[in-house]
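Q: Can you walk me through this one? I have a few quick questions.
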Amino acid sequence: MSRENLLRLALIAFGTAFCLLYPLAMVWPSGWAWHEGSPGSSQYFVMIVGIYATLGVYLIRASSNPAANRSLISFTVASSVVHAAIMAVQSFDHEMHRGHLLGDVPALLLVAIVLGLLMPRGATN
C-alpha cells in the first residue's frame with residue numbers, strides 16, 4: 001500500500017475517532033473525560049467534543065486530497081502533541097486523572113506520530 005493511501009486511511013480513522021470522542025468517554029470516562037459524572041454534565045467537555053468532532057470531519061474530508069490539506073494535517077500533529085503534553089502533566093495533579101496516561105494522552109501522541117510520519121514529503125507550512 002502506498003504512503004498516500006496509508007495517510008488517507010489514517011486521516012479517515014483518526015477523523016472518525018475524533019467524531020466518536022463522546023461515546024468513548026461514556027465507555028471509559030477515566031481515560032477520556034476530565035470530570036466526574038456523565039460526559040454531558042461538563043460544559044467544558046461538550047465544548048471539546050464539538051471542537052474535536054469538527055476537526056474529525058475536516059480530517060475525513062482531507063483524506064480525498066492530503067497534499068492540498070498539509071496545513072490541516074500539520075495543525076493536527078502539532079496540536080495533538082501540545083494537548084497530550086498538557087494532559088500528561090495535569091494527570092498527575094489528581095489520582096482520578098491517571099487513566100488519561102493510558103487513554104487520550106497516548107492516543108493523541110499516536111495521531112501525531114502517524115500523521116507526522118505519513119505527511120507528504122516536501123511539505124512546507
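Q: How many residues does H4 have, and what does it reach from its first C-alpha to its last?
A: H4 has 20 residues and reaches 29 Å, close to the 28 Å expected at 1.5 Å a residue (1.5 Å times one less than the number of residues). Helices here are DSSP runs of H or I with at least four residues, numbered from the N terminus. This is a predicted model, where local features need pLDDT of at least 70, side-chain atom pairs count only at pLDDT 80 or more, and totals for chains, interfaces and linings use all residues. Residues are numbered from 1 along each chain as its sequence is written, and side-chain values use heavy atoms, with hydrogens and water left out.
Q: Which residues of H4 are buried?
A: Phe 45, Ile 48, Val 49, Tyr 52, Leu 55, Gly 56, Leu 59 and Ala 62. Buried means under 20% relative accessible area, exposed over 50%, partly exposed in between (1.4 Å probe, protein chains only).
Q: And which exposed residues are on the face turned away from that side?
A: Gln 43 and Arg 61.
Q: New topic. Where does Ser 63 lie?
A: Ser 63 is in the loop between helix H4 (43-62) and helix H5 (70-90).
Q: Buried or exposed?
A: Ser 63 is buried, at 11% relative accessible area.
Q: What does Ser 63 touch?
A: Arg 8, Leu 11 and Ile 12, leaving out residues up to four places away in sequence; contact means heavy atoms within 4.5 Å.
Q: Which backbone oxygen does its side chain reach?
A: That of Ile 60, at 2.5 Å from the Ser 63 side chain.

Notes: Helices (H or I, at least four residues) and strands (E, at least two) are DSSP runs, numbered from the N terminus. A polar contact is a pair of N or O atoms within 3.5 Å; within protein, one must be able to donate a hydrogen and the other to accept it, and residues adjacent in sequence count only if both atoms are side-chain atoms.
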